[in-house]
Amino acid sequence: MKVSVIVPAWGRTPHLDEALASIRVQSYPDVELVVAAPPPDGPQTLPAARQEGLVRATGELVTFCDADDWLDPDAIEKMVQAMADNVDVVCCGLIRERADGSRVVRPFDREGPSDTYNAFVNKLFRREVLLGVKIDETVGLGEDLMVTAQAMAKARGIAVIDGAFYHYRENPQSMTHRQEGRRRVLDLACVGALLRKVLPDPRYDDFHDRV
C-alpha cells in the first residue's frame with residue numbers, strides 16, 4: 001500500500017530540510033511525499049495546509065509530519081505492519097524534543113484528550129476516514145483534535161503500537177506557542193462546539209466533557 005506523507009509548510013520553516021530528509025530515508029518502500037501550503041486565497045492555517053495536502057495525496061494510507069519535526073527511519077514500516085484489514089487508524093507515542101536538548105517519551109493515551117491522543121502526526125490513517133470530516137480552517141489551536149476525534153469515531157478499528165517513532169520539536173516560536181491568549185480560548189471553544197455537533201451520540205458525552 002502506498003503511504004502519502006503530508007508535510008504542511010509555508011512561511012519560515014528553518015527545520016524543513018530535516019523533516020523531509022527523515023521521510024526520504026524511510027525503510028518502507030512505497031512512500032509519496034506531499035509538501036503543501038494553504039491556498040493563497042484562504043486562511044493561512046495548519047488545517048488549510050493539511051487539507052490541501054490531502055487533496056493532492058494519492059496513497060491509500062496517509063500520515064503527517066510537521067515542518068519542525070521528524071520521523072524515525074522505520075516509523076512508517078512499523079505502522080503499516082499494524083494496519084490490519086479491519087483497522088483504519090494506527091497510533092503510536094510521541095517523543096517531545098525540548099529546546100534544552102532533553103526529551104520526553106509520551107506513550108499513546110487511549111482516552112484523550114491529551115497531546116498524544118489529539119495529535120495528527122503520530123497516526124497512520126486510511127485515506128477514506130479523513131474524507132468528509134468537518135473542519136474549521138480558521139482555527140489555529142486544537143486543529144488536530146478537531147479532525148482526529150472524527151476519524152477515530154469513523155474507524156472500524158484502531159491499532160495502538162507500543163513505542164514512539166515521531167519526534168515533536170518544542171518550538172517556542174511556533175504559531176501555536178505565539179498565539180494570543182484570548183484567541184487560544186476561542187479556538188478551543190470552537191473545536192469543542194464543532195465536535196459536539198458532529199459527534200452527537202450520547203456515548204461520546206464523557207469525551208465531550210473532557211474536551
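**Strands, helices and enclosed spaces in a predicted model**

Trainee: How many bridges join β3 to strand β7 (residues 123-126)?

Mentor: Strands β3 and β7 run antiparallel. Helices (H or I, at least four residues) and strands (E, at least two) are DSSP runs numbered from the N terminus, and two strands are said to pair if DSSP finds at least two bridges between them. Within this arrangement, Val 62 faces Phe 125 of β7. The number of bridges joining β3 to β7 is 2.

Trainee: From which number are the residues of each chain counted?

Mentor: This is a predicted model, in which local features need pLDDT of at least 70, side-chain atom pairs count only at pLDDT 80 or more, and totals for chains, interfaces and linings use all residues. Side-chain values use heavy atoms, with hydrogens and water left out, and along each chain, as its sequence is written, the residues are numbered from 1.

Trainee: Which residue in β3 stands opposite Val 5?

Mentor: Strand β1 (residues 3-8) pairs with β3 in the parallel sense, over 4 bridges. Across this pairing, the residue of β3 that stands opposite Val 5 is Thr 63.

Trainee: Which residues of strand β3 (residues 61-64) are buried?

Mentor: A residue is buried at under 20% relative accessible area, exposed at over 50% and partly exposed in between (1.4 Å probe, protein chains only). Both faces of β3 are covered. One side carries Leu 61 and Thr 63, the other carries Val 62 and Phe 64, and the buried residues are therefore Leu 61, Thr 63, Val 62 and Phe 64.

Trainee: Against which elements do the buried residues of α2 pack?

Mentor: The buried residues of α2 are Leu 46, Pro 47, Ala 48, Ala 49, Arg 50, Gly 53 and Leu 54. Packing is judged by contact, meaning heavy atoms within 4.5 Å. By that criterion, the elements against which these residues pack are β1, β2 (31-36), β3, α5 and α6.

Trainee: Which element gives the largest share of the lining of the largest cavity?

Mentor: On a 1 Å grid over the protein atoms alone, a cavity is a set of points where a 1.4 Å probe fits but cannot get out, whereas a pocket is an open set with protein on both sides within 12 Å along at least five of seven lines; lining residues have an atom within 4 Å of a point. The lining of the largest cavity consists of Pro 47, Arg 50, Gln 51, Leu 54, Phe 64, Phe 120, Leu 130, Val 133, Ile 135, Glu 143, Asp 144 and Val 147. Two or more of these residues come from each of α2 (46-56) and α6. The largest share, 4 residues, is given by α2.

Trainee: Which element gives the most to the lining of the second largest cavity?

Mentor: Thr 63, Leu 71, Ala 75, Ile 76, Met 79, Cys 92, Val 121, Phe 165 and Tyr 166 line the second largest cavity. Both α3 (75-81) and β8 supply at least two residues of that lining. The element that gives the most, with 3 residues, is α3.

Trainee: Which elements give two or more residues to the lining of the second largest pocket?

Mentor: This pocket is lined by 15 residues. Those nearest its centre are Arg 110, Glu 111, Tyr 117, Met 152 and Ile 158. The elements giving two or more residues to the lining are α6 (143-154), β8 (158-169) and α9 (205-210).

Trainee: Is Gly 142 buried or exposed?

Mentor: Gly 142 is found in the loop between α5 (127-130) and α6. Beyond residues up to four places away in sequence, Gly 142 touches Leu 188 and Val 191. Val 121 is 21 residues from Gly 142 in sequence and 13 Å from it in space, C-alpha to C-alpha. Because its relative accessible area is 18%, Gly 142 is classed as buried.

Trainee: At what relative accessibility does Thr 116 count as buried?

Mentor: Thr 116 lies in helix α4 (residues 115-118). Leaving aside neighbours within four places in sequence, its contacts are Leu 94, Arg 106, Pro 107, Phe 108, Asp 109, Asn 122 and Lys 123. Thr 116 counts as buried because its relative accessibility is 1%.
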